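Student: Please take a close look at one part of this model, the interface, and work through it slowly. I would like each term given with its cut-offs as it comes up.

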Amino acid sequence: MQNSKETSLCGDRTYELFFKAQARALRNFLFVKFGEMDLAEDLVQEAFVKLWKNCDKVNPETAKSYLYKIAINLGISTKRHDQVKFKHQNIVMHQNDIVTSESPEFLMEETEFKEKVKRIIANLPDRQRQVFMLSRIEKKTYKEIAELSGVSVKAVEKLMHKALLKVRSEIGDI
Amino acid sequence: MLDYCKKKNLQGGRVNLSNKRINCIELIIMKDNKLDETFLAKWLSGELTPDQLADFELHPHYEEYVRINKVTSNMSFSDYDEIEAFSKLKNRINTPKKTKVISLYKWVGAVAACLILAIGLYTFNFSDTVYESGIAEHKNITLPDGSTVILNGMASAKVDKGQWDNSNRQVQLDGEAYFKVKKGEKFSVKTTIGTVQVLGTQFTVNTINDDLLIVKCFEGRVSVTTNEGEVILTKGNAYQLYKDKGKQWNFEALAPSWTTTNETLFNGVPVSHVITSLQRQYGVKVLNMESISSDVVFTGSFSNKDLNKALYMVFGTLGVKYEFVSDKEIRILRQVKK
């Protein structure tokens with residue numbers, strides 16, 4: 001209630017800007033966490049509806065963690081207990097890494113390799129997968145990941161190390 | 001070999017023979033030495049020292065690691081249409097966009113209809129313009145700004161016409177009332193328990209015995225300020241404050257029951273307060289109320305048209321026996337233990 005009207009999230013413009021700034025990262029974070037894109041996008045909606053309802057009570061500076069907290073809690077309570085397999089189809093490659101001068105055989109092999117990597121990282125143990133994807137795909141620093149998942153940087157690094165070891169060894173096995 | 005690497009503190013371990021170097025790095029990465037559990041993470045983030053990197057380049061799987069690094073750094077998640085997502089969100093919110101009451105100006109529609117119901121024992125001590133209605137009487141009032149108020153039976157509304165301010169409209173309410181508020185700035189309804197402020201369009205307020213406040217929001221947004229703080233309600237939210245204990249719930253009705261089915265509806269309200277409401281509705285007096293335990297709560301409705309039916313609906317469900325002493329007096333006999 002103490003927030004001035006201009007900076008409070010109750011302002012149309014502020015709210016919209018906040019959405020545009022946070023929604024994508026939140027959605028990807030939730031996808032990484034829960035493995036389902038539809039669920040992730042629904043959770044983004046729910047969390048922002050809740051934020052709107054409490055816009056005058058939430059300090060804009062802590063709004064981000066408020067948002068993540070709500071979405072995660074909702075996700076945990078929504079997600080069915082049977083473990084949903086991570087949908088690796090939602091991982092896409094940037095267009096710019098296709099080098100057209102390469103031979104078709106090479107491109108084929110390259111595509112297969114990418115598919116393999118996607119499948120492997122999708123099947124990593126939960127915590128390794130989350131950390132690995134946030135780092136490699138979402139380009140978050142270990143510090144950011146540590147803050148998001150409430151663990152130490154060291155723990156994040158260990159998980160990253162384990163994840164990469166596992167990805168490498170499974171590539172080798174195939 | 002292992003001993004050699006340990007002696008050299010592992011990562012720094014450089015051996016002349018290339019195959020020995022490899023073994024050292026194998027150890028660094030593969031063996032469960034706590035110092036090295038973050039080695040690959042440090043490599044990915046470019047935090048290895050040049051020496052460590054040079055060692056790692058000799059690792060038999062180095063090329064594979066490089067390839068994985070390259071491929072994964074080119075990955076992203078399927079696209080997200082933020083604009084569509086935001087417009088979907090806007091539809092979900094579906095209310096005026098600002099808590100500022102000023103935003104009513106921007107609101108389409110000439111009239112924000114506010115429905116205010118209050119039942120209480122509060123009497124006004126001020127000599128300003130006080131409007132009162134008798135038992136079962138409906139009374140129309142027009143406020144200085146053109147807003148209208150319809151008082152239900154046994155209600156009163158106090159308006160300070162001398163101090164009326166179009167930028168801060170205030171009405172003090174006791175009883176039941178239906179408000180049709182002209183668009184404009186701040187409009188608040190004061191009760192003994194708290195203040196209800198119009199942020200959107202339709203809501204009911206119900207105060208009973210000076211310690212129970214019920215606010216239901218039927219459309220738009222409503223702010224309720226009490227000693228417990230401020231609560232914002234949106235469509236389908238209800239808030240009840242009894243003896244400093246607040247609770248919130250959701251409902252689906254589109255309009256208050258007393259305007260549609262002519263019933264008074266309660267959700268977990270102390271029975272003494274239900275009786276107060278009943279007395280107001282019918283102008284009767286209930287005697288021997290003490291014989292009903294004060295923690296009995298009532299959830300349900302009673303008819304506003306038929307006293308016998310209403311008594312049956314309240315006391316019947318609670319297992320309370322009663323008798324008419326006169327036309328206007330009802331005595332409670334006892335509560336049958338269930």
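Tutor: Within chain B, 51% of the contacts with a separation of 6 or more are between residues 24 or more positions apart, where a contact means heavy atoms within 4.5 Å. This is a predicted model, in which local features need pLDDT of at least 70 and side-chain atom pairs count only at pLDDT 80 or more, whereas totals for chains, interfaces and linings use all residues. Residues are numbered from 1 along each chain as its sequence is written, chains are lettered from A and ligands numbered from 1 in the order in which they are written, and side-chain values use heavy atoms, with hydrogens and water left out.

Chain B has 9 helices and 21 strands; these are DSSP runs, numbered from the N terminus, with helices (H or I) of at least four residues and strands (E) of at least two. Of the 338 residues in chain B, 49% are buried, which here means under 20% relative accessible area, with exposed set at over 50% and partly exposed in between (1.4 Å probe, protein chains only). One buried residue is Arg169(B), at a relative accessible area of 2%, in strand β7 (residues 168-174) of chain B. The C-alpha atom of Arg169(B) is 9.5 Å from that of Leu143(B), although the two residues are 26 apart along the chain.

Turning to the interface itself, 58 residues of chain A are in contact with 47 residues of chain B. The two chains bury about 5200 Å² between them, and 60% of that area is on carbon and sulfur atoms; buried area is the accessible area (1.4 Å probe) that two parts lose on being put together, summed over both. Of the area that chain A buries against chain B, Arg136(A), His161(A) and Arg168(A) supply 14%, more than any other three residues.

The polar side of the interface comes next. Between chain A and chain B there are 20 residue pairs in polar contact, both residues being at pLDDT 80 or more. A polar contact is a pair of N or O atoms within 3.5 Å; within protein, one atom must be able to donate a hydrogen and the other to accept it, and residues adjacent in sequence count only if both atoms are side-chain atoms. On the side of chain A that touches chain B, the elements giving two or more residues are α1 (12-34), α2 (37-53), β1 (91-93), α4 (104-122), α5 and α7 (153-173) of chain A. By class, that side of chain A has 27 nonpolar, 7 polar and 24 charged residues, where Ala, Val, Leu, Ile, Met, Phe, Trp, Tyr, Cys and Pro count as nonpolar, Asp, Glu, Lys and Arg as charged, and the others, Gly among them, as polar.

Strands take part as well: β1(A) pairs with strand β1 (residues 75-77) of chain B in the antiparallel sense over 3 bridges, pairing being called if DSSP finds at least two bridges between two strands. Within this pairing, Met93(A) stands opposite Met75(B).

Side chains of opposite charge can pair when their charged atoms come close.

Another links Glu82(B) and Arg24(A), whose closest N and O atoms are 3.4 Å apart. Because Glu82(B) lies in helix α6 (residues 82-93) of chain B and Arg24(A) in helix α1 of chain A, this pair joins two chains. Glu82(B) is buried at 18% relative accessible area, whereas Arg24(A), at 32%, is partly exposed. Together with Asp79(B), Arg24(A) and Glu82(B) are linked in a network of salt bridges.

A further salt bridge brings together the side chains of Arg168(A) and Glu64(B) at 3.3 Å, N to O, and the pair crosses from helix α7 of chain A to helix α5 (residues 62-73) of chain B. Arg168(A) has a relative accessible area of 9% and so is buried, while Glu64(B), at 27%, counts as partly exposed.

Note on methods
Salt bridge = Lys/Arg side-chain N within 4 Å of Asp/Glu carboxyl O.
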